Amino acid sequence: MTGTAKTHYDAFLAGSYAWISGGPDDQVRKNKKFFSSNSFIPRDNRVAIDLGAGCGFQSIALAQLGYSVTAVDFCQPLLDDLHSRAGSLPIETIQSDIRQYPSWSGRHPELIVCMGDTLTHLPGIPEVQDLVRQCFSELDPGGRLVLTLRDYSREPDGAVVVIPVLREAGRIFLCRLEYHADTVTVQDILYSRRQGAWGRNAGKYTKIRIAPDILTRMLTGAGFAIEYSSVKDGMITVLARRNG
């Protein structure tokens, strides 16, 4: 049975997310380097919003760079993990679907980030477009938006792909992708060895396919100026600015 992204994270993925991502410390370092190399320096009110913050890979990096961060995610266990790692850093966590705009609106941020694979968790392209428009309306003039997501628009040979994500003694994590016209069915599979026996736990949910050119058209249509756009190693990265 295929569940929603929220039920999948709550029931299955949250407990393994930091591990399969390569470890929180390494991810925070990578994001801090990314933000610094792209001249993300706090100015004015220093407010940043992290949509789909998860366990804090972006939020902690931004706070270490001097931003006051509002971290929004639908998964409370991931936010609890973020809170435990944040210490005294200026990070406020909000448990909410990012489409519940009143939960995070009205802060006049100078920066909004929506990274990882958060956009592909939305129900469809219209919801992505609505979110882009909301980000434009929330940002202060001159404010910037960062979007990253996996590029599922390029279907590989064969409709089904199995990816060996990570393996260590006693744990193996696999991801099975099944491509459809507008979506990808994702099945995450964790094999764990306990007391000499291997056990299997799995969960399934759906992601949407967003082509890079469609995303940039959404952004320019909302009024953003594109500063940078790339597709590298299967990831789409877009930096945009609200001018005026």
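A nonpolar core is here a set of buried Ala, Val, Leu, Ile, Met, Phe, Trp, Tyr and Cys residues joined through side-chain atoms within 4.5 Å. In the structure examined, which is a predicted model, the largest such core has 30 residues. The residues with the most contacts inside this core are L51, W104, L119, L131, L215, L219 and F224. Two or more residues each are contributed by the strands β1 (47-51), β4 (111-114), β5 (144-150) and β11 (235-242) and by the helices α6 (125-138) and α7 (212-222). Helix α6 supplies the largest share, five residues. Beyond its neighbours within four places in sequence, F224 is in contact with V132, C135, F136, L139, L145, L219, A240, R241 and R242. Another core, of 23 residues, lies apart from the largest one and includes A18, C55, Y179 and V184. In soluble globular proteins, nonpolar side chains tend to be buried together.

An open sheet is formed by four strands in the order β6-β7-β8-β9, with antiparallel pairing. Its edges are β6 (160-168) and β9 (197-208), each of which pairs on one side only. On average, and with direction ignored, neighbouring strands of this sheet are turned by 15 degrees against each other. Strand β6 is joined to β7 (residues 171-179) over eight bridges in the antiparallel sense, and R167 has I172 in β7 as its bridge partner. Helix α1 (residues 5-13) packs on the sheet, where it touches β7, β8 (183-194) and β9. The direction of α1 makes about 160 degrees with that of β9.

Cysteine pairing was examined next. Zero disulfides are found in a search of the whole structure. C55 is classed as buried, since its relative accessible area is 2%. C114 is likewise in no disulfide, the nearest cysteine sulfur being that of C135 at 6.9 Å. With a relative accessible area of 1%, C114 is also buried.

S59 lies in helix α4 (residues 57-64) and is buried, with a relative accessible area of 0%. The side chain of S59 makes a polar contact of 2.7 Å with the side chain of D50. When neighbours within four places in sequence are left aside, the residues in contact with S59 are D50, A53, V69, A71, L82 and I91. S137, by contrast, is placed in helix α6 and is partly exposed, with a relative accessible area of 46%. The C-alpha atom of S137 is separated by 10 Å from that of P109, a residue 28 positions away along the chain.

R46 has a phi of about 65 degrees and is placed in the loop between α3 (24-37) and β1. Its relative accessible area of 40% makes R46 partly exposed. For Q195, phi is about 50 degrees. Q195 is found in the loop between β8 and β9, and its relative accessibility of 88% is over the 50% limit, so Q195 counts as exposed.

Definitions and conventions: Residues are numbered from 1 along each chain as its sequence is written. This is a predicted model: local features need pLDDT of at least 70, side-chain atom pairs count only at pLDDT 80 or more; totals for chains, interfaces and linings use all residues. Side-chain values use heavy atoms; hydrogens and water are left out. Buried means under 20% relative accessible area, exposed over 50%, partly exposed in between (1.4 Å probe, protein chains only). A polar contact is a pair of N or O atoms within 3.5 Å; within protein, one must be able to donate a hydrogen and the other to accept it, and residues adjacent in sequence count only if both atoms are side-chain atoms. Contact means heavy atoms within 4.5 Å. Two strands pair if DSSP finds at least two bridges between them. Axes are lines fitted to C-alpha atoms, for helices over the stretch in contact, and angles run from 0 to 180 degrees between N-to-C directions. A disulfide is a pair of cysteine sulfur atoms within 2.5 Å.
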